[in-house]
Amino acid sequence: MTPRKWRLVCVFEALVRFLKPLMPPLPPVDNPTEPPKSILVVEYWNLGDLAILVPFLRNLRQNLPRARISLLVSADLAHFLHGQRLVDEFISVRVPWARHFNRWRKYNPFSLGWISLARTILALRKRRFDWAFSARMDVRDNLILWLSGARRRIGYGIGGGGSFLTDRITPDLSRPHRADIWVHLLEATGEPLDPSLDSFLHTHAEMATARSYLSGLGIAPDVFLIGVHPGARIATRRWGDERFAEVARRLLEETDAHVLWFSEPGTLSQAPQLKRCHAVSLSFRSFLAVLSNCRLLVCNDSGPMHLANLLEIPVVAVFGPQRPEWFGPRGPHDRVVIRPEFSCRPCSDYCIFDQPYCLRAISTDEVYSAVENVLQQLTNVRDRRGGVAYESDIWTSVASSLRSTTFLRNHSGSQRG
């Protein structure tokens with residue numbers, strides 16, 4: 001946060017604090033030791049943010065199984081967690097500052113989005129939730145917690161709005177990743193944590209449909225699949241289709257793998273015309289089921305990267321404006337390719353240059369070296385069938401050509417940007 005933004009936050013908080021006496025007082029918590037009957041979780045941002053939220057929700061459900069959990073979520077993403085048995089209710093909301101990238105559209109006072117947001121907040125206030133959580137470290141989210149009327153409001157105050165909370169949690173600076181920031185809120189309430197609660201559930205029908213789809217592409221069940229997803233919601237996080245295509249070309253030349261070139265329906269991303277490279281453009285749930293059949297995903301810093309983590313699929317992610325220690329993949333075989341020398345990182349995706357040179361400076365050699373590194377690790381992982389251990393030899397051609405990786409780090413790497 002820049003000094004200018006912090007001054008604006010302080011002015012805003014002071015103004016709201018002046019108006020607080022005009023609002024009806026919130027009822028206090030009757031018994032702080034009594035388990036809550038209703039819980040509100042606030043996370044209305046993007047797909048990747050929801051994927052990061054899953055470990056928190058699983059721990060919350062496990063520790064408080066009788067509580068009714070409601071998730072305040074973007075109206076466009078309410079379908080994501082359906083069927084995961086994590087949330088009892090999805091409350092759709094359209095928040096102007098989360099829906100637009102342009103600053104004027106975020107805070108346009110004439111937007112009808114403010115009316116919709118006010119109606120949602122009034123509906124929340126009537127519910128009188130026992131607990132409410134937000135890990136955004138944002139004065140706006142803390143204000144929503146207060147306006148919701150929840151008796152116990154748990155969050156962080158370092159981004160402003162600490163006066164709106166009943167439980168102002170001190171961040172654990174040794175664990176800066178967003179997933180850890182979420183679970184630390186629950187930890188601070190005295191609830192035990194299980195770090196293994198991080199997964200995504202598919203129905204049998206979804207998996208059967210995915211296998212049928214791959215069979216229709218001529219892909220046998222035992223084929224080693226590598227996914228490539230060149231898209232990202234924000235333009236400054238896109239490494240470039242042509243660069244991903246070069247990585248795919250080299251993979252197809254040097255291995256026997258098949259490549260699934262993922263793109264969202266309606267996008268202009270074109271799969272390279274290469275043998276064993278298949279264009280895949282599916283609805284969201286179908287995409288997840290097909291992705292779960294991949295052994296590796298090569299992508300940008302994007303929502304699919306976090307989805308692959310939920311599916312326990314190794315990731316090679318190309319990072320530019322953002323910090324991997326905050327938002328990077330977290331699997332044991334994951335790799336991040338990044339140029340650490342750019343001091344302007346993080347820029348909150350508002351690049352100060354004519355283009356994101358932090359991404360443009362990353363070569364295809366660096367990314368392909370990261371891919372080779374992961375494939376070599378996967379080659380050394382032993383499977384067990386019928387009690388007999390064996391090593392897959394499908395990557396013999398890759399293992400023989402592995403070379404050293406530059407500008408490479410894993411999710412807990414010692415090199416900091």
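A: Two strands count as a pair if DSSP finds at least two bridges between them. Keep that in mind for what follows. The model is predicted.

The part to look at is strand S1, residues 38–42. Start with its surroundings. Five of the five residues in S1 are buried, so the strand is largely enclosed by the rest of the structure. Buried here means under 20% relative accessible area.

Now look at the two faces. Ser38, Leu40 and Val42 point one way from S1. Ile39 and Val41 point the other way. Residues on both faces are buried.

Next come the partners. One is strand S2, residues 68–74. S1 and S2 pair in the parallel sense, over five bridges. Within this pairing, Ile39 stands opposite Ile69 of S2. To get from S1 to S2, the chain passes through helix H2, residues 47–63. This β-α-β crossover is right-handed.

Another partner is strand S4, residues 131–133. S1 and S4 also run parallel, and three bridges join them. Here Leu40 has Ala132 of S4 as its bridge partner.

To put the picture together: S1 is a largely enclosed strand. It has parallel bridges to S2 and to S4. Leu40 is both buried and bridged to Ala132. Ile39 is likewise buried, and Ile69 stands opposite it.

Terms used. Residues numbered from 1 in each chain as written. Predicted model: local features only at pLDDT ≥ 70, side-chain atom pairs only at ≥ 80, totals over all residues. Heavy atoms only, no water. Buried < 20%, exposed > 50% of the residue type's maximum accessible area, 1.4 Å probe, protein only. Helix = DSSP H or I, 4+ residues; strand = E, 2+ residues; numbered from the N terminus. Right-handed = clockwise from strand over helix to strand, strands pointing away.
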